[in-house]
Amino acid sequence: CGKQEAKPAKVLKVGSEAAFAPFEFQDESTKEYVGFDIDLIKAIGKQMGAEVQIQNMGFDGLIPGLEANSIDLAISGMTITEERAKKVSFSKPYYKSGLTMVVKTDNTSIQSFKDLEGKKIAVQLGTTGADEAKKVKDAQIREFNSAPEAFLELKAGGVDAVVNDKPVNEYYIAKTGGKDAKMVGEPLTAEDYGIAASGKNKELIAQVDKALEELKKNGEYEKIYVKWFGK
Ligand code: ARG
């Protein structure tokens, strides 16, 4: 073959709200973005021969960002919902999640979602947790830009409970040694996380799905899973 031009690596701009450990968060010392989603999207990028650039942004800015083409993909512990699928295209599910509640360690009055009636609930803006909390009768909903802010409000005593994704709640409780808060209740929902692209970018999502399938076959997905969640 003829003279080879040095091909610039394809760049994938990936949006994420990086305060959602263990899926995406900033390493305290290196300031790098780390987590299950970050490792997964980097592995997918590698599979596609592309360089992944993470852009940290508000969770409620991800879908508008995809629609405006300011990012190519979003990976952010984002649940595949019908509502969102009207605006963006989703990859095949890559993680099974669901919503649970977090209350203060000494709280005995909230044990199930039913007990949230008339209570003050903190959630992250634009999330499935916010949608579900809004359905609770007579509850007062406080919406925060990030899950850590919702947890802080619980600690400060401003709310009775936080409704948020189970693996993130578990990570928070483990990280704080269970002294401030505990998780209660059976998961309220069964949710699947998906990687999103602009609704017009079906081709890109097909490539992501292909890469994801490959990573599941070659054991790489499993490795990343075990790294963040154990066996
Ligand atoms: N799974 C929930 C949703 O899709 C919450 C996701 C929040 N993600 C984040 N990186 N803050 O609404």
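Visitor: Which cavity does the space taken by the ligand form?
Guide: This is a predicted model. A cavity here is a set of grid points where a 1.4 Å probe fits but cannot get out. The space taken by the ligand is the largest cavity.

Visitor: How is the protein chain divided?
Guide: There are two parts to name. One is domain 1, built from 10-95 + 192-229. The other is domain 2, spanning 99-184.

Visitor: Where does the ligand lie relative to domain 1 and domain 2?
Guide: Look at the shell around the ligand. Domain 1 and domain 2 both give residues to that shell, so the ligand lies between them.

Visitor: How many residues of domain 2 are in contact with domain 1?
Guide: The centres of the two domains, taken over C-alpha atoms, are 25 Å apart. Contact means heavy atoms within 4.5 Å. Domain 1 brings 17 residues to this contact, and domain 2 brings 15.

Visitor: By class, how many residues of the shell around the ligand are polar?
Guide: The ligand has 14 residues around it, and E17, S76, R84, T128 and D165 come nearest. Four residues of the shell are nonpolar and four are charged. The polar residues number six.

Visitor: Which residue has a polar side-chain atom 2.6 Å from a nitrogen atom of the ligand?
Guide: One is 2.8 Å from a polar backbone atom of T79. An oxygen atom of the ligand is also 2.7 Å from an N or O atom in the side chain of R84. The residue facing the nitrogen atom is D165.

Visitor: How much of the ligand's accessible area does the protein cover?
Guide: On its own, the ligand has 350 Å² of accessible area. The protein covers 100%.

Methods: Residues are numbered from 1 along each chain as its sequence is written. This is a predicted model: local features need pLDDT of at least 70, side-chain atom pairs count only at pLDDT 80 or more; totals for chains, interfaces and linings use all residues. Side-chain values use heavy atoms; hydrogens and water are left out. A residue is near a molecule or strand if one of its heavy atoms lies within 4 Å of it. A polar contact is a pair of N or O atoms within 3.5 Å; within protein, one must be able to donate a hydrogen and the other to accept it, and residues adjacent in sequence count only if both atoms are side-chain atoms. Accessible areas come from the Shrake-Rupley method with a 1.4 Å probe; for residues, only the protein chains shown count as cover. On a 1 Å grid over the protein atoms alone, a cavity is a set of points where a 1.4 Å probe fits but cannot get out, and a pocket is an open set with protein on both sides within 12 Å along at least five of seven lines; lining residues have an atom within 4 Å of a point. A molecule sits in a cavity or pocket if more than half of its atoms lie within 2 Å of its grid points. Ala, Val, Leu, Ile, Met, Phe, Trp, Tyr, Cys and Pro count as nonpolar, Asp, Glu, Lys and Arg as charged, and the others, Gly among them, as polar. Domain bounds come from an automatic or database domain assignment.
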